[in-house]
Amino acid sequence: MKKTIITGLAVAAVGMLALTACSSGAEGGSGAASDGGSGGDLITVGFAQTGSESGWRSANTESMKTAFSTDNGFDLIFNAADNDAAAQIAAVRSFINQGVDAIVIAPIVEDGWDDVLQEAADAGIPVILEDRTVSASEDLYSTWVGLDFQLEGQKAGEWAAETFTGPTNMVVLEGTTGSAPANDRATGFDEAIAGSSITKIDSQTGDFTRDGGKTVMEGFLQKYGVDGIDLVYAHNDDMALGAIEAIEAAGAVPGEDIKIISIDAVHDGMQALADGKINYIVECNPLLGDKAAALVKAVLNGESVDKRTIVEDQAFDQDAAIAALPDRKY
Amino acid sequence: MRNIVRHRLFWPALALATLITVNSAARPQFLRVTMRDGELYGALIDILRNSAPLMLVALGMTIVIATRGIDLSVGAVMAVSGAVALTIIDGSSDPNGVGTVLIAVVTAIAVAMVLGVWNGLLVSVFGIQPIIATLVLMLAGRGAALLVTDGFITTVNSEPFAFIASGYLTVLPFAFFISVAAIASIAIVERRTALGMLTEAVGINPEASRLAGVRSRGIIWGAYVLSAVLAGIAGIIYASNIKAADANAAGLLIELYAILAVVLGGTSLQGGTFSLAGTVLGVLIIQTLNSTILFMGIPSAQSPVFFAVVVVVVVVIQSQKVRSWIRALGASGRNRRSAATTEVAS
């Protein structure tokens, strides 16, 4: 019995890790809040958010709340499901029962959406997916707005291939094994540096965490020595920040002796970029609110929209980071 | 020779020695320890330093398991303690002051202690099954830590705080001395006084020991408080290592690794007899195994399998049943005068 529970817990915890989008994270704190009330000709939108598991997610929530404000003609009913897939489906059902005009979902898991999406379609309520997608048939939802992780990796790789023209030894700090951002960011990057003078000498998972990034980087430094590594590619900022600690502890200067490329552009990462400890960051933009709001209006007006809308990610070098930092929303 | 082989720490020690040998054979720089600015630096030193959080948690877990209990909340307690300490330092006007850091550390440990008192209360007074009693905090604690940090990763620049995990005391990392201090003080209290024997008595038969006049309630309660305090210190070391409170990742799954370390060290989950030295070896095996995955360059997708295979081998060779089968094989072999080969094979 004891063993079963422990195994179950382990599986649950690993499952939660695998679900996270841009950054890492597990279960979130409580964040459910709803706004009732109905305005005259406001568009009532139900938004089922995953939870509040990371800084990226908090910024995403803020962006959605701003874009779906009363000033913009919306009445937003917000629900955060704390990474509980069943609770999220229940929330969507309650949106359907309340007869909202449109539903926006950031799905926690890909599977299990067919029934509730069918119910929404039967009720004539359009569904817009945000950030992550679902495995259900495309006919059951209007559109998806999100990010292309592979493109992020590709942008980082292109910059690396242009910048490092001499022989370069690179180590990679991978995200959580098997997660979509980790897989796609690796694929995009590897394709972009194919044929360049960059050699990937090692790659290991740091689980998207600072501690993981630091521990793995320490191991790499012991294995190859400070002089054996020229470049670090981290699948997110947190691991890059951990790597900075490890490089400094090894007596080298991050950003100079060992260059660092990373993805996400969260505040601490941008600060490190501005300080010259990271050399290049490709953004994983959480500010999807405006795009989502525009799509909701378009769908309700009967306009035809693409099934996939990809939000362009920016990329930053040191000067761009210094310029952008004061106005960063996250 | 036979006595050495029969010692219960022989197999864990052999496993650790084998891991180190394999690593140094694959990459000789694994053993290299260099002196830099009067501080030792090398892969082995990293293992000693990075094992500190798991060491503390596993020591606490050993005592809890000895009382027939289990503490699943240690990871969550780590997250809470780190979050509390960092929030205090972040909010203070003097983050670089030793006083600020001391206040933060003491407050964080005090909060951890309260959580331990709660666990102990549920288990020893209300008689709730330990796995359920501590599951409550395991789930709620991390949420509380996220509330403290507002869901963000709190980062601080505080030299005295960073010293806890990254600093050196003379030639060795300070975190290593924290481990040693914890091992020494627990060993002295448990083994030089009657407390260790009473703890084992409670674990072997709570009812009999109660009838014999052992105050089992206090002993069990104390075990959970100790476990939580050690987890609190582990949380501070974790946060200090990355200079940030990462409430989502701090101590994630560490309860399972701590239980694994205890089992690798030869302590039974049934409670009763426990081995602190075994737990220390278990922690070092796990930490060395993590380094091995890095040094051998095992791909991330395969590393959990590699980890599992090594653990299974170590656990199987420790199994009494397997060993008695091998002995039986050896005995029948001896009759055919071929004892030497089977002995070596075992």
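Predicted model: local features only at pLDDT ≥ 70, side-chain atom pairs only at ≥ 80, totals over all residues.
Residues count from 1 along each chain as its sequence is written, and chains are lettered from A in the order in which they are written. Local features need pLDDT of at least 70, side-chain atom pairs count only at pLDDT 80 or more, and totals for chains, interfaces and linings use all residues; side-chain values use heavy atoms, with hydrogens and water left out.

**Stop 1: the interface**

Show both chains. Here 42 residues of chain A are in contact with 47 residues of chain B (contact means heavy atoms within 4.5 Å). The two chains bury about 3600 Å² between them, 57% of it on carbon and sulfur atoms; buried area is the accessible area (1.4 Å probe) that two parts lose on being put together, summed over both.

Next, select A:Glu245 and B:Lys243. They form a salt bridge, with the closest N and O atoms 3.5 Å apart. The count between the chains is two salt bridges (a side-chain nitrogen of Lys or Arg within 4 Å of a carboxyl oxygen of Asp or Glu).

Now colour chain A by element. Helix 1 (2-19), helix 2 (55-67), strand 7 (198-205), helix 7 (210-224) and helix 8 (237-249) each supply at least two residues of the side of chain A that touches chain B. Helices (H or I, at least four residues) and strands (E, at least two) are DSSP runs, numbered from the N terminus. Helix 7 of chain A gives the largest share of that side, twelve residues.

**Stop 2: strand 4 of chain A**

Select residues 127-130 of chain A. A:Val127 and A:Leu129 point one way, A:Ile128 and A:Glu130 the other way, and all are buried (under 20% relative accessible area, 1.4 Å probe, protein chains only). A:Ile103 has A:Val127 as its bridge partner.

**Stop 3: B:Ser227**

Move to helix 12 (residues 216-242) of chain B, where B:Ser227 has its place. B:Ser227 counts as buried because its relative accessibility is 0%. Leaving out residues up to four places away in sequence, B:Ser227 touches B:Gly60, B:Met61, B:Val64, B:Asp71 and B:Val74.

**Stop 4: helix 13 of chain B**

Finish at residues 254-264 of chain B. Eight of the eleven residues of helix 13 are buried, so this helix is largely enclosed by the rest of the structure. Among the buried residues are B:Ile254, B:Glu255 and B:Leu264. After helix 13 of chain B comes B:Gly266, with a positive phi near 95 degrees.

Terms used: Buried < 20%, exposed > 50% of the residue type's maximum accessible area, 1.4 Å probe, protein only. Pairing = 2+ DSSP bridges.
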